[in-house]
Amino acid sequence: MLNEKQSFKEKIVYSEKFVKKLEEYVITQNIRDIQNLLRDKEARLATSIDKERQHWDFNKEKLVKEQCEAVENANSRIVRFLERYIRLNGCNVLDVGCGLGGVSVALALRGAEVTAMDIDKNALKVAKLRAKEHGVKIPFNRCDARNLPFASSSFDIVICRQVLQHIPGDGKIKAIKEIFRVLKREGLLYINTPNRSFPKDHHDTELWFVHWLPKKIALPYAKMRGRYVPMLHDYISYSKLINTLRKEGEIQVLTNFLTYEDANDFYNHNKDKINKSFKYLFIFKILKMVSKFITVNKVLPIRIIIKKKV
């Protein structure tokens with residue numbers, strides 16, 4: 001196993017082959033998005049497709065750079081959160097919707113036995129190459145989260161990051177049930193997804209309240225506001241997510257305040273950042289006050305760790 005210095009500094013310098021493959025993937029995805037937009041009559045009439053897509057902020061260099069730093073970012077944003085609750089070395093981990101493999105590799109470099117899956121075969125090609133460059137062995141599977149090809153109670157940890165919003169309709173409920181099924185008793189589930197109860201749509205349009213509108217109204221409204229998106233994703237609310245899991249078995253939500261146990265726990269781990277900025281300090285005090293009356297997770301974007309009890 002590589003130590004942290006080797007894992008997240010020396011090994012992050014990727015080969016030209018990987019960067020080229022990554023660039024091809026990013027460009028292909030962008031072309032696909034533009035083609036979807038051009039199928040729309042209003043988009044075809046737009047004088048400048050780039051102008052109508054500014055809120056998407058497509059920038060090849062920026063996206064490639066972000067992906068080249070994906071393992072480091074996963075280490076700081078996900079791995080270290082998990083390590084507060086479980087020792088990763090030797091754990092069997094399933095990364096559902098692994099995408100380009102940043103999280104999978106970060107977990108493997110911590111000694112976890114990672115299995116990764118995604119439905120996008122092109123993303124898996126990049127993920128496999130990333131794992132090879134980091135010197136870790138990860139089996140990558142092309143499959144659907146709604147029908148996982150793994151035995152029940154197979155994994156100590158399941159990661160489901162930015163996946164559920166891409167599964168249409170009731171399919172996301174089936175995926176949640178499948179994720180719970182393959183998780184061992186006392187295992188941890190990490191879920192990160194937009195929250196339908198949060199008033200701003202950060203994923204598709206950056207508009208307030210648009211995802212609360214009926215579907216027949218939401219997309220035309222978004223287009224009227226200059227957001228020429230081919231579709232609006234369907235988000236699940238925090239309450240519906242938790243209720244779905246509780247129907248499958250007993251659970252314990254370990255993180256009730258911004259991926260921390262409570263407001264004081266959050267402050268102790270982030271006090272330097274909070275105290276340096278009046279804005280952060282003000283926001284924190286408001287959230288701490290609100291958290292006395294409601295679970296903050298219910299209204300903020302979903303980023304939680306859950307333990308399966310039964």
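Visitor: What places V163 in a loop?

Guide: V163 lies between β4 (155-161) and α9 (171-182). Helices (H or I, at least four residues) and strands (E, at least two) are DSSP runs, numbered from the N terminus. Residues are numbered from 1 along each chain as its sequence is written, and the model is predicted, with pLDDT of at least 70 required for local features and 80 or more for side-chain atom pairs, whereas totals for chains, interfaces and linings use all residues. Side-chain values rest on heavy atoms, without hydrogens or water.

Visitor: Why is V163 called buried?

Guide: Buried means under 20% relative accessible area, with exposed over 50% and partly exposed in between (1.4 Å probe, protein chains only). V163 has 11% relative accessibility and therefore counts as buried.

Visitor: Which residues does V163 touch, beyond those up to four places away in sequence?

Guide: V163 touches V96, G97 and N192, where contact means heavy atoms within 4.5 Å. V163 and V96 are 67 residues apart in sequence, yet 7.6 Å apart in space, C-alpha to C-alpha.

Visitor: What makes a set of residues a nonpolar core?

Guide: The set must consist of buried Ala, Val, Leu, Ile, Met, Phe, Trp, Tyr and Cys residues joined through side-chain atoms within 4.5 Å. The largest such core has 53 residues, and L82, L107, I138 and I157 have the most contacts inside it. A second, separate core of 32 residues includes L94, C143, L164 and L241.

Visitor: Why are α12 and α13 called roughly antiparallel?

Guide: Helix α12 (residues 263-276) and helix α13 (residues 278-290) pack at about 160 degrees, with axes 8 Å apart. Axes are lines fitted to C-alpha atoms, for helices over the stretch in contact, and angles run from 0 to 180 degrees between N-to-C directions. Angles under 35 degrees count as roughly parallel, over 145 as roughly antiparallel, 65 to 115 as roughly perpendicular and the rest as oblique. The pair α12 and α13 is therefore roughly antiparallel.

Visitor: What makes α9 and α11 oblique?

Guide: α9 and helix α11 (residues 238-248) pack at about 50 degrees, with axes 10 Å apart. α9 and α11 are therefore oblique to each other.

Visitor: Which residues make the contact of α9 with α11?

Guide: I173, I176, K177 and F180 of α9 meet K240, L241, T244, L245 and E248 of α11. This contact has five nonpolar, one polar and three charged residues. Ala, Val, Leu, Ile, Met, Phe, Trp, Tyr, Cys and Pro count as nonpolar, Asp, Glu, Lys and Arg as charged, and the others, Gly among them, as polar.
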